[in-house]
Amino acid sequence: MEKREITAMTYDELAAFCKTAGVPSFRAGQIFGWLHQKKVGSFSEMTNLPAQFRDKLNDNYYITSLKIRKKLVSALDDTVKYLYELPDGCCVETVFMRYHHGNSLCISTQVGCKMGCRFCASTIAGFVRNLSAGELLAQITETERDLSLPVDSIVLMGIGEPLDNYDEVVRFLRILSDPRGRGMSLRHLSLSTCGLVDRIDRLAEEAFGLTLSVSLHAPDDETRSEIMPVNRRYPLSELLAACRRYTEKTHRRISFEYALIDGVNDDKKDAEKLAALLHGMLCHVNLIPVNPVAERDYKKSNREKLAAFQAVLQKHGIETTIRRTLGADINAACGQLRRSETVKEANVTCNLPEKVT
Ligand code: SAH
């Protein structure tokens, strides 16, 4: 029988397993605590469980562990970037960043991505598979173990589209925030989406209290469809309506991501259009100079253009920040490390077919 991933199980699922195994339900709490508070790597470390039961767990389940395939430490700041190898040999990126308010971890949600954003390195080699909830959690535990530092906040902004892996991401959020485990407040978590409207509506219903980031990157449908194919399915009017519904339901401010690309979306006129689009919304705009990707010819907007763009938004009362670049010397933008490794090692990085539907 194939072993199942125990770190992907909710507390209730563990309790149900204990019941069928004929052990008292408090054992579920013990296992959950070992996995998500003490973060053990093997069943033999769960010393308050009967030995026979530990064997039974070992026969039926595994605790997800990741191998560090590559680790890059920035010489400019304390950013650390990992290329983690998943149990089946696929690789994803995880980035650890230190801020004055605490340590933040950017995790991947899929191996590759289907969304096809033109400026993004994650999408170039296509989509391979979704990550499981246990693999999402393992990126946190392995990083904490390796650095002996705690992760205080999480951003789902690595490789992949989190809302295209909806079920596993929601399962991950439930396990992560369960007070019987790690008990992380989801106020410390941001989820970034390219704008899957029906999933944004579903997420609003879950009432997680997380911060929703929406990758906007253009103020009109023509430009957005050109750089983000998802816009052809969910145009701006539908996306912004969903964002308004999200705020109405959750009372949370939306954070819009806008990567400035020289000559594509960085004119003052674009800033005016963006201000009109966001008028009256409870939101914040995060401006990012686009990170050039080898396969594409997009260039960063210069500092003057960035400042002029920001000034227009501020004139209209829209709160705006310019994202600080961390780990610039270690290819910290999403998908770039995996991409460079995939190019170098061709079929070695993943033993699954490149495209799985
Ligand atoms: N799929 C999700 C999350 C992953 S990408 C999303 O689209 O939001 C995280 C953020 O990085 C997104 O805002 C994405 O648009 C942005 N991004 C991707 N490639 C980039 C690049 N080359 N330069 C700047 N930002 C980039």
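1. Leu156 has Leu191, in strand E10, as its bridge partner. Strands (DSSP runs of E, at least two residues) and helices (runs of H or I, at least four residues) are numbered from the N terminus.

2. This is a predicted model, in which local features need pLDDT of at least 70 and side-chain atom pairs count only at pLDDT 80 or more, while totals for chains, interfaces and linings use all residues. Residues are numbered from 1 along each chain as its sequence is written, and side-chain values use heavy atoms, with hydrogens and water left out.

3. The sheet is open and consists of 10 strands in the order E3-E4-E5-E6-E9-E10-E11-E12-E13-E14, with mixed pairing; two strands count as paired if DSSP finds at least two bridges between them. Strand E3 (67-73) and strand E14 (320-322) form the edges, each pairing on one side only. On average, neighbouring strands of this sheet are turned by 20° against each other, direction ignored.

4. Strand E9 (residues 153-156) pairs with strand E10 (residues 189-193) in the parallel sense, over three bridges. Helix H5 (residues 166-177) packs on the sheet and touches both E9 and E10, its direction making about 175° with that of E10. Helix H9 (residues 236-250) also packs on the sheet, where it touches strand E11 (211-215) and strand E12 (254-260), at about 145° to the direction of E12. Axes here are lines fitted to C-alpha atoms, for helices over the stretch in contact, and angles between N-to-C directions run from 0 to 180 degrees; contact means heavy atoms within 4.5 Å.

5. The protein is divided into domain 1 (4-62) and domain 2 (67-345), with bounds taken from an automatic or database domain assignment. Their C-alpha centres lie 33 Å apart. Domain 1 gives 14 residues to the contact and domain 2 gives 15 residues.

6. Between them, the two domains bury about 1200 Å², 54% of it on carbon and sulfur atoms; buried area is the accessible area (1.4 Å probe) that two parts lose on being put together, summed over both. Phe32, His36 and Lys39 supply 37% of the area that domain 1 buries against domain 2, more than any other three residues.

7. Two salt bridges are found across this interface, the criterion being a side-chain nitrogen of Lys or Arg within 4 Å of a carboxyl oxygen of Asp or Glu. The side chains of Lys39 and Glu144 meet in a salt bridge (3.1 Å, N to O). Helix H1 (11-21) and helix H2 (26-36) are the elements that give two or more residues to the side of domain 1 that touches domain 2. The largest share of that side, three residues, comes from H2.
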